[in-house]
Amino acid sequence: MNNREFLRTGIRPMPPRDTHQHHRPSTPLELLFDLVTVIAVAAAAAGLHHGLSEGHILDGVLKYLATFFALWLAWLNFTWFASAYDNDDAVFRLLTM
C-alpha cells in the first residue's frame, strides 16, 4: 500500500510484530484499555458485594462470574491481538474505543 492509499483509507497493513523485539513498552491505548478493564472488574465486584450483603449469594456470584468471564475474555483477546500485530492506525483505535 502506498502513501496515497493510506491517506485515502486510513488503514495500514497489519504486519506481525517482530519476535526478536524484547521489552516492548505498552502503548497509551493498551494502558487505557487495561485501566478500563480494572474499573469494570471493580464495578462487578461491587455488585458481588451488594449481592452478598443482601443475602442473594448464588445470584450475586453467578452474575459476577459471568461478568468477570466476559471482561476477561475481551481483555485477553485485545491483549493477544495488540501483542501479535504492530497496528496503530485510526480504525484500530476507533474499534478499540
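pLDDT is the predictor's confidence in each residue, on a scale from 0 to 100. In this predicted model, the protein chain has a mean pLDDT of 86, and 88% of its residues reach 70 or more. Confidence is lowest in helix 1 (residues 3–9), with a mean of 61, and highest in helix 2 (residues 28–53), at 95.

A quick word on the ground rules. Residues are numbered from 1 along each chain as its sequence is written, and side-chain values use heavy atoms, leaving out hydrogens and water. Because the model is predicted, local features need pLDDT of at least 70 and side-chain atom pairs count only at pLDDT 80 or more, while totals for chains, interfaces and linings use all residues.

**The overall layout**

So what is the chain built from? The protein chain has 4 helices and 0 strands, which reads as α-α-α-α along the sequence. Helices (H or I, at least four residues) and strands (E, at least two) are DSSP runs, numbered from the N terminus.

Now for contacts, meaning heavy atoms within 4.5 Å. Take the contacts between residues at least 6 apart in sequence: 68% of them join residues at least 24 apart. Thr-27 sits in the loop between helix 1 and helix 2.

**Inside and outside**

A residue is called buried under 20% relative accessible area, exposed over 50%, and partly exposed in between (1.4 Å probe, protein chains only). Of the 97 residues of the protein chain, 19% count as buried. The chain exposes about 7,500 Å², and carbon and sulfur atoms supply 68% of that. Accessible areas come from the Shrake-Rupley method with a 1.4 Å probe, and for residues only the protein chains shown count as cover.

Which residues form a nonpolar patch on the surface? They are Leu-32, Leu-35, Val-36, Ile-39 and Met-97, with about 500 Å² of accessible area together. Patches are made of residues with over 30% relative accessible area and no salt bridge; like charges are joined within 9 Å, nonpolar side chains (Val, Leu, Ile, Met, Phe, Trp, Tyr) within 5 Å. Met-97 lies in the segment after helix 4 (90–96), and at 67% relative accessibility Met-97 counts as exposed.

A search of the whole structure finds 1 salt bridge, which is a side-chain nitrogen of Lys or Arg within 4 Å of a carboxyl oxygen of Asp or Glu. The side chains of Lys-63 and Asp-59 meet there, at 3.5 Å from N to O. Both residues lie in helix 3 (residues 57–84), 4 residues apart, about one turn of the helix. Lys-63 is exposed, at 53% relative accessible area, whereas Asp-59 is partly exposed, at 41%.

The structure also holds 4 aromatic pairs, two of which are in the table below. Rings of Phe, Tyr and Trp (its six-membered ring) pair if their centres lie within 6.5 Å; planes under 30 degrees apart count as stacked, over 60 as edge-to-face and the rest as tilted.

| Pair | Centre to centre | Angle between planes | Type |
|---|---|---|---|
| Tyr-64 and Phe-68 | 5.9 Å | 25° | stacked |
| Phe-69 and Trp-72 | 6.3 Å | 35° | tilted |

Tyr-64 and Phe-68 both lie in helix 3, 4 residues apart. Phe-69 and Trp-72 are 3 residues apart in helix 3, so about one helical turn separates them. Phe-69 is partly exposed at 48%, and Trp-72 is partly exposed at 38%.
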